[in-house]
Every structure is written in structure tokens, then in C-alpha cells.
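Reader: I am new to this structure and would like to know what lies behind the words used for it. Could you show it to me and then take my questions in turn?

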There are 2 protein chains.
Amino acid sequence: MSSAKKLLGDYSNEPSRRPELVVNSKEPFNAETPPPLLVKDFKTPVDLFYVRSHGPTPDLDVSSHKLEIGGEIKPAIELSLSEVQTIGQHVTIDATLTCAGNRRNELNAIKKVKGVGWEISAIGNATWTGVRLRDVLLHAKANIDSPHLHVEFIGEEDCEEKTKYGSSIPMTKAADPKGDVLLAWMMNGKPLTRDHGYPLRIVVPGYIGARSVKWLRKVNVIPQESQFVYQQRDYKLFLPHVNWDTVDALWDSAFSLSELSVQSAICEPEKDQVIAKNSPYTIRGYAVSNGRRITRVDVSVRKHRLKGIRPDRFPNWGTTSAFIMGKCATLKNQTKLFSLVTHTHSDIGWQIKKIKFWRRLWDAL
Amino acid sequence: MSSAKKLLGDYSNEPSRRPELVVNSKEPFNAETPPPLLVKDFKTPVDLFYVRSHGPTPDLDVSSHKLEIGGEIKPAIELSLSEVQTIGQHVTIDATLTCAGNRRNELNAIKKVKGVGWEISAIGNATWTGVRLRDVLLHAKANIDSPHLHVEFIGEEDCEEKTKYGSSIPMTKAADPKGDVLLAWMMNGKPLTRDHGYPLRIVVPGYIGARSVKWLRKVNVIPQESQFVYQQRDYKLFLPHVNWDTVDALWDSAFSLSELSVQSAICEPEKDQVIAKNSPYTIRGYAVSNGRRITRVDVSVRKHRLKGIRPDRFPNWGTTSAFIMGKCATLKNQTKLFSLVTHTHSDIGWQIKKIKFWRRLWDAL
């Protein structure tokens with residue numbers, strides 16, 4: 001079915017999905033990876049990768065689909081996928097994507113906010129293949145050296161908000177050769193699936209997932225940030241005292257979320273998991289930054305001091321807490337990757353009914 | 001007196017200095033700006049700019065002084081200042097320099113650490129003129145695209161540690177055209193003073209001041225971080241439980257401080273200043289980041305709610321605290337500048353003996 005034929009809000013043509021996905025909303029489809037599967041491997045399988053959508057999933061025909069490069073590019077250029085593929089070198093990168101709302105349920109526990117109720121797994125690592133946005137911008141003769149320009153992406157998604165999905169990033173990121181922004185058509189070595197933007201999407205490493213627009217239809221070079229609701233009225237952050245009665249005066253002064261903040265989560269044991277007395281268990285989790293090195297991840301089992309762990313093996317060993325050293329995040333050509341942190345803990349001296357963890361996370365200052 | 005003639009620890013030839021400087025150590029000379037003078041103007045006067053030294057102040061003769069470019073550059077190149085000035089375009093930038101130990105006295109109040117006891121003014125904004133290190137590296141045919149190389153700077157300072165002063169930065173920063181790393185010979189439009197590195201120094205915007213080596217003698221392209229004590233055994237950060245008995249096993253796993261963290265301080269009123277009941281006063285301070293935009297600075301007068309300040313003028317107005325919006329930091333070609341924050345507060349409803357402030361600072365996520 002072509003997107004032109006699709007009715008707004010018609011969910012009769014959704015792709016099939018893995019039953020393991022934790023579904024937070026069915027229409028539009030929003031689902032995340034079960035935490036233990038997230039930390040099973042460094043690379044997240046495509047069919048277990050979190051899905052964020054704002055409307056019915058487009059079902060596009062690659063043979064007729066065109067990408068338009070416009071805005072300040074006049075006249076606009078139209079390109080088929082195979083034409084896009086002839087622009088610039090094909091590049092394969094590893095990059096983390098994560099929803100800005102990842103772990104929103106933890107925010108909700110403090111104060112209720114709007115948005116999809118994500119747990120900790122609206123995040124994933126994948127390998128992406130495409131051409132650099134920089135090369136496409138150069139091909140279109142865009143002024144890539146202008147620090148004030150922005151580059152807008154519009155997808156073929158008919159969103160719940162009765163608009164296509166659109167968003168932007170600054171030209172400084174879009175054209176940065178080390179920024180690794182791609183027009184990607186492959187994920188983990190295979191063509192994109194419908195859930196992940198077939199036939200063509202943007203991948204913006206180190207930025208919130210909302211800027212990595214799927215089902216890409218247009219790239220516009222524009223003099224200011226995108227005016228789409230997803231840039232101006234969504235994905236912004238406010239102080240705790242701001243509420244839905246007072247936010248309207250504040251939207252324009254709040255900046256658009258872009259670069260990721262440093263963040264970590266424990267995926268195993270799972271929340272509220274009960275571990276039997278004296279049974280060994282393994283702690284696994286992730287740590288992610290905006291691309292700067294994760295220099296240390298500390299994990300502490302509250303009120304419990306690990307014994308038998310030598311300080312020289314665990315440089316962050318403390319006298320009142322147990323710390324472990326996380327593997328450093330891979331920093332390869334500024335690609336952003338979360339890293340897995342694993343530690344087996346087997347020396348529990350008393351009965352544990354419920355484990356509470358805290359993490360302390362440092363990135364390179 | 002030439003540096004060759006100077007004895008280690010001979011402080012008989014120090015330059016004259018402004019009596020307003022707050023001296024933290026006389027030999028070597030370490031002094032900072034009085035906080036109210038720091039926020040008087042956006043640009044800090046050279047003779048009030050904080051001074052950090054590790055030994056007697058060199059007194060170099062520009063006519064005989066040579067800069068060597070070496071390490072992996074073989075044979076090494078020797079350049080006079082006038083030869084350096086013929087390499088690449090002359091560039092003038094505004095940049096903040098700050099000591100990594102700025103506000104160490106606040107750390108000391110929690111747990112005693114080593115190092116100069118700085119208050120809040122080991123920081124300053126200046127205008128620097130020089131040539132880009134990138135251009136000098138290209139001139140020397142250095143492999144500027146190798147992400148694993150480092151660039152070491154060695155100055156003509158005979159330090160207390162019985163070594164010259166030396167330090168390094170990654171090639172990715174050294175050669176980044178937007179990184180603005182300069183070999184500078186002018187500060188605020190005049191030749192460098194002796195206290196600030198005459199005749200030639202490095203300026204590394206956005207990095208701790210320890211990397212902006214003064215009295216520059218050598219630039220070495222090297223395959224790993226500088227082995228000088230100032231890179232390997234100084235300017236590193238540890239968890240609070242680490243002490244001088246346990247740190248030795250940890251030096252090598254701790255990363256070298258480089259990029260600045262986000263930070264803010266109030267300079268007026270001064271610490272412990274008493275303000276009379278109902279008298280208006282102005283709050284002034286600074287905010288600094290590693291170059292990302294400072295999006296908001298919040299100031300709260302504890303237990304006091306400002307009246308008569310309209311929420312639409314002060315978007316961060318809260319119901320239980322008074323907030324002000326700081327001016328955004330200037331971000332010009334990735335130069336890092338601290339910004340001044342000013343707010344006049346005149347509506348005090350009860351007697352104030354002592355004002356305690358806290359600041360909340362956000363950079364763009």
C-alpha cells in the first residue's frame with residue numbers, strides 16, 4: 001500500500017513484530033526491548049530494537065519513493081534511493097539510538113509528565129550503512145560553513161498530531177565530518193525494516209533519537225530551527241515547578257534537546273527482582289554519553305560491602321561500598337555507543353529480599 | 001636576565017604586580033582577581049588576570065628565543081617568534097582561561113586536597129592574538145589526521161618540581177579548525193606580559209588552563225600523552241575515598257582533566273558579606289562551560305521569595321524560590337567565554353544577617 005493511499009490513523013497495515021517487545025502503546029506502535037535482552041549482546045538485534053512511532057507505520061515503495069533536497073537549495077533536487085547511493089562514499093558506523101524519553105517512568109514516579117511511558121530500554125546499538133549527510137549537502141551546493149543554518153528532516157509519517165514528522169539539527173552537526181550523520185538504508189547489514197524507516201532514514205549519532213527521522217522524504221536547509229511541533233513543542237526540558245498551566249510562556253525560551261546526556265541503567269537484575277540468599281548473580285547494565293569517553297561506572301549494593309575483591313582489580317573500590325569498573329565506551333570516529341557493564345556478585349552475607357542499586361557515572365570532564 | 005642565567009628557585013627578578021591581586025602563594029607567584037573586579041567587565045584586564053606559575057617567572061629575550069617543533073617531526077624545526085608569525089593567518093579570539101583548581105578552597109572545606117588554595121577567581125576572559133596551532137602543525141608536515149597522536153607543549157619555566165613545565169592535548173583538539181588552539185603573542189591587544197607567557201604561549205580554549213603552556217619553548221608531536229608530571233601526576237580527579245596513601249595505584253587509570261566542566265559562581269555579594277535590612281543589592285557572577293551554550297543560570301535567595309518579578313520576564317520564576325535568567329554565554333566559533341549574570345534584588349522583606357546563595361546551572365544537553 002503506498003503512503004498516498006493510507007488514511008490518517010489507519011493501523012490496518014502494521015508490520016509483524018516480535019512478541020518479546022514490551023509494548024507501551026499499540027497505535028501508534030511504541031515498544032522497547034526487555035532489559036535482559038538489551039544487555040545480552042553489544043549489538044541490539046533489529047527485531048528487538050526499540051520502536052518509536054507517531055502514527056501508522058509507512059509502507060513505502062522504493063521504486064517510486066523520492067528524496068527532496070530543498071529549503072535554501074533552489075531549485076530543489078529530487079533523488080531516488082539509488083541516486084542517493086551514488087553520492088559520496090558508503091559509510092558503515094556503529095551508533096546508539098535512544099529516545100529522549102527513555103526512563104520517563106522514573107521521572108513520572110517523581111512528577112507526572114506527558115509522553116510515552118518508557119522504562120530503561122528505549123535504547124539500542126546498531127550498525128548503520130549509508131552516505132554522509134555532509135556529502136549530500138555538498139552535492140546540493142549547500143553552504144555547509146554557515147554556523148547559523150539548520151538542516152531539517154521530514155519523514156513520510158502521518159502522525160497523530162495531523163502532520164508529517166519533522167525535526168532539525170544545526171548545520172555544524174549536519175556537516176561535521178566527524179559527526180557521522182548518515183542517510184542510512186541499512187541496519188545491522190540488511191535493508192531497513194519498515195519499523196526502522198524503510199527505505200531511507202537519518203541517523204544522528206550522539207543526539208536524541210527524535211532527530212534521526214525515519215521514512216525520509218525531505219531534507220531542507222533552513223535559516224532557523226525546524227518549526228515542526230516535534231522541535232518546538234516537544235523534546236524540551238523544564239524545571240520541576242513548571243506545569244501544563246504555566247509552560248506556554250516558556251516553550252520558546254527552552255532549548256531543543258539534542259546532544260545526549262550521560263546516563264546509565266542496570267538491566268540485570270531486573271527491577272524488583274528477588275534474589276535468594278547467598279545465590280550468586282550478575283549485574284549487567286549500560287552507560288551512554290554524548291560521545292565523550294565513559295571513564296568510570298560505579299555500582300554499589302546498598303548497605304553491603306563486597307569482600308574478596310582486590311582494590312587493584314577494581315580501582316574504584318571503596319571502604320563502604322562496592323564499585324566496579326565499567327568497560328569504557330567505544331569512541332570510534334565520534335560514533336556514540338553505549339557499553340555493557342558486567343560484574344558477577346557472589347559473596348552476599350545476608351538475606352536479600354529486594355536489591356536497590358545506585359549508579360554513579362562519570363564522563364571525561 | 002636570560003633564563004639560562006637564572007637559578008632554580010631564584011625569585012629575585014619577578015615582575016611588578018597590581019596590589020589588588022589576591023596572592024595565594026608568593027614563590028612561585030599564584031594570585032587571583034578580587035571577585036568584584038572579576039565581574040566588573042566581561043573582559044578581564046591583563047594586570048588583574050589570575051596568575052598561575054610553578055617557579056620563578058621567566059624573563060626571556062625575544063631576539064634570541066626559539067621555538068622548536070619536534071617529537072615525530074624529524075628533523076626538528078627551529079623558529080623565531082617572527083618566523084612563527086609568518087605561518088598562517090593571524091587570528092584574534094576571545095577565550096576564557098581558568099585553572100583546574102579554581103574553587104579548590106570549596107573542595108578543601110569538604111576534604112583537604114593538595115594544590116594552590118584558589119577561591120572563585122582563578123578565571124578570566126581575554127582576547128588572544130596568534131596563529132593557529134593547526135597551521136603550525138601543517139607547516140611542520142605533522143599527520144594532523146591521526147586521532148591517536150598528542151601534541152606536547154614545553155615552556156621555559158624552571159618549576160619547583162625541578163623540571164620544565166610540560167603538558168599535552170590530543171591531536172584531535174590541536175588540529176581542529178574550530179578548536180581555536182593558538183600560539184599567541186598578544187593578550188587584550190598588547191604583547192604578552194611576563195606573567196602571562198612572554199613572548200609566546202599556547203591558548204587552548206575550553207580546556208583547563210594547565211594545558212595553555214606559557215613561555216613556550218617546544219611543541220612535540222608524540223604518540224601518547226605527555227609524560228610530564230603535570231599531565232601524569234597532577235590535574236586528575238579521584239573519588240572522595242581516595243587519599244594520598246591509596247592514590248599511587250590509581251594515577252594511571254585516572255584520566256587527565258582537559259575539557260572544562262560546567263561551573264558557576266557568585267562574585268557579588270562576596271562571601272560572608274552582610275547586607276543591611278531592606279537595602280537593594282546586585283547579584284553578579286559568572287557561568288562557564290566547555291563551549292556548549294549556557295542555557296540557564298538560576299539564582300535563589302534561600303527561604304526568600306522574590307515579589308514583583310513577573311514570570312514572563314524571568315522564565316525560571318518559581319513559586320518557592322527566586323530565579324533569574326543569566327545572559328547566555330557567547331559561543332563564537334567554539335571559543336569559550338564565561339558570561340556575567342546580573343540581577344538587582346531590592347525587595348527584601350526581613351532582616352538579612354548573612355546571605356546564602358545557591359546556583360543551579362544548565363548547559364545545553
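Predicted model: local features only at pLDDT ≥ 70, side-chain atom pairs only at ≥ 80, totals over all residues.

Author: Helices (H or I, at least four residues) and strands (E, at least two) are DSSP runs, numbered from the N terminus. By that rule Pro36(A) is found in helix α1, residues 35-38 of chain A. Residues are numbered from 1 along each chain as its sequence is written, and chains are lettered from A and ligands numbered from 1 in the order in which they are written.

Reader: Why does Pro36(A) count as partly exposed?

Author: Buried means under 20% relative accessible area and exposed over 50%, with partly exposed in between (1.4 Å probe, protein chains only). Pro36(A) has 23% relative accessibility, and therefore counts as partly exposed.

Reader: Which residues does Pro36(A) touch, not counting those up to four places away in sequence?

Author: With contact meaning heavy atoms within 4.5 Å, Pro36(A) touches Cys267(A), Glu268(A) and Glu270(A). The C-alpha atoms of Pro36(A) and Glu160(A), 124 residues apart along the chain, are separated by 31 Å.

Reader: What makes β1 and β3 of chain A edge strands?

Author: Two strands pair if DSSP finds at least two bridges between them. In chain A three strands form an open sheet in the order β1-β2-β3, with antiparallel pairing. There β1 (22-25) and β3 (51-52) each have a single partner strand, so one side of each is left without a neighbour in the sheet. Strand β2 (residues 30-32) and β3(A) are joined over two bridges in the antiparallel sense, and Ala31(A) stands opposite Val51(A).

Reader: Which strands stand at the edges of the five-stranded sheet in chain B?

Author: That open sheet runs β5-β4-β13-β8-β9 with mixed pairing. Its edges are β5 (77-79) and β9 (164-170), each with a single partner strand, so one side of each lacks a neighbour in the sheet. Strand β8 (residues 150-158) pairs with β9(B) in the antiparallel sense over six bridges, where His150(B) stands opposite Pro170(B).

Reader: How confident is the predictor in chain A?

Author: On the scale of pLDDT, the predictor's confidence in each residue from 0 to 100, chain A averages 79, and 74% of the residues score at least 70. Over residues 341-365 of chain A, however, pLDDT stays under 50.

Key: Heavy atoms only, no water.
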